[in-house]
Amino acid sequence: MSWGTELWDQFDNLEKHTQWGIDILEKYIKFVKERTEIELSYAKQLRNLSKKYQPKKNSKEEEEYKYTSCKAFISTLNEMNDYAGQHEVISENMASQIIVDLARYVQELKQERKSNFHDGRKAQQHIETCWKQLESSKRRFERDCKEADRAQQYFEKMDADINVTKADVEKARQQAQIRHQMAEDSKADYSSILQKFNHEQHEYYHTHIPNIFQKIQEMEERRIVRIGESMKTYAEVDRQVIPIIGKCLDGIVKAAESIDQKNDSQLVIEAYKSGFEPPGDIEFEDYTQPMKRTVSDNSLSNSRGEGKPDLKFGGKSKGKLWPFIKKNKGATPEDFSNLPPEQRRKKLQQKVDELNKEIQKEMDQRDAITKMKDVYLKNPQMGDPASLDHKLAEVSQNIEKLRLETQKFEAWLAEVEGRLPARSEQARRQSGLYDSQNPPTVNNCAQDRESPDGSYTEEQSQESEVKVLATDFDDEFDDEEPLAAIGTCKALYTFEGQNEGTISVVEGETLYVIEEDKGDGWTRIRRNEDEEGYVPTSYVEVCLDKNAKGAKTYI
């Protein structure tokens, strides 16, 4: 099977077919190139997707990713990032192993094709030239033969005519001989050219064209083999990354299997546990009896009220706030006293750890500057040692400030940690305002009060005011008699009562006690008939009247 023998007369069709083959090869190159662009675009989109859902550093969202399900999601995002990298590898390998290689081969193929068909056209032109020479020689021989016949006929006619002179007859005879010789020469020339043409034609159809077409056939077959090899490479490039992609997918499965719902549930407890205990039952208050009404020691309002004002019906009847009231938003106190004990301890510990890291960073910087100063002292040409004194002093000052700050937070932390175990069932409950020190037991005319850390600051995240519309019961409670005083108290510190139900006092001021501390850290006092409220028990020195109704005796 050879194009040279089977397709000897299909030169033009072979030229079109080989050009079509090159077009197919270029089309395949374009296909692979677009595939690489798709892979790059896909990889880019995957990376952007992974980046989009990564938690932002130093944000609240990052703190939420401590749960195993969120960690698994992060692992999935990281694996998808690696997965995207494998698609980039596919693109790079296809570009280097297929596109670049085939593009170079196409250029070589075009050059080879051009050379082969140039030789074919040259052979065609040569045989056409030989054919034209043969045709020209043939026509000349034919013409000379006809001229010789006419000359012979004219001679014979002149020779038969008696009226023609002998000289004219001789002239005609000589002319006939000349024409006959010319015809013989043309015949010989025609015969020679014919033999030469036949030889050239035989060489053309049996040697030159078969050789040229054989080269073209080999060229075309190489092209076909090459495109097949490229297709194999195309598949192998994909196949090479399958194991790594499989590892990425295995990593996602492993991350999913690492999810521990029990652990996540425990983390929720650690994140939101307040450290307080649930409130007890509310005692029944019988308003039909003329007895003093006080709130039960186990009152639910003790759990979260912590000195909050009583609900107002008609403006005089008071009871402690309901514990599940939406809190106002405001600035967080520096000592996190707005948080429940357990959460406050965690925040303080976190703050201490952060300060210790900053101290270590500053100490490392101080060591580096000290070493640099030593180098300058040994090699003055490198720099002036005195130029580092200011920076060294600044770093030392920063370290001292951070240490003082750390000590402050460690003191608050020690206070909280020392206080949490001592809390009993009837100990202080959660409230919107968390006192920063442990209130002492109230003794009659007690003198040894523990002073608070600085001035008493109410939490910014206090429970909002509860506004109750006046009802038909207003008139009934308007006539209620105020609670009787059960003792007196002296303000040890100034307290600004900013929330409803609290009352402001000035250091040294003497007031009446109308309801003692029920274990929630608040004492109810009265300045006059129309001005009463709660103050922190640790801010006042209480002297109870033993004979007063409802007073308790302390040992």
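This is a predicted model: local features need pLDDT of at least 70, side-chain atom pairs count only at pLDDT 80 or more; totals for chains, interfaces and linings use all residues.

I started with Glu257, which is exposed, with a relative accessible area of 63%. For my own reference: exposed means over 50% relative accessible area, buried means under 20%, and partly exposed is in between (1.4 Å probe, protein chains only). Residues are numbered from 1 along each chain as its sequence is written, and side-chain values use heavy atoms, with hydrogens and water left out.

Where does Glu257 sit? I found Glu257 in helix α5, residues 166–257. Helices here are DSSP runs of H or I with at least four residues, strands are E runs of at least two, and both are numbered from the N terminus. I also checked Glu257 against Ser69: they are 188 residues apart in sequence, but 9.6 Å apart in space, C-alpha to C-alpha.

Next, the cysteines. I looked up Cys70, which counts as partly exposed at 21% relative accessibility. Cys145 is partly exposed too, at 25%. How many disulfides are there? I got zero, using the rule of a pair of cysteine sulfur atoms within 2.5 Å.

Last, the whole protein chain. I noted ten helices and five strands. Of its 555 residues, 37% count as buried. For contacts (heavy atoms within 4.5 Å), I looked at those with a separation of 6 or more, and 74% of them are between residues 24 or more positions apart.
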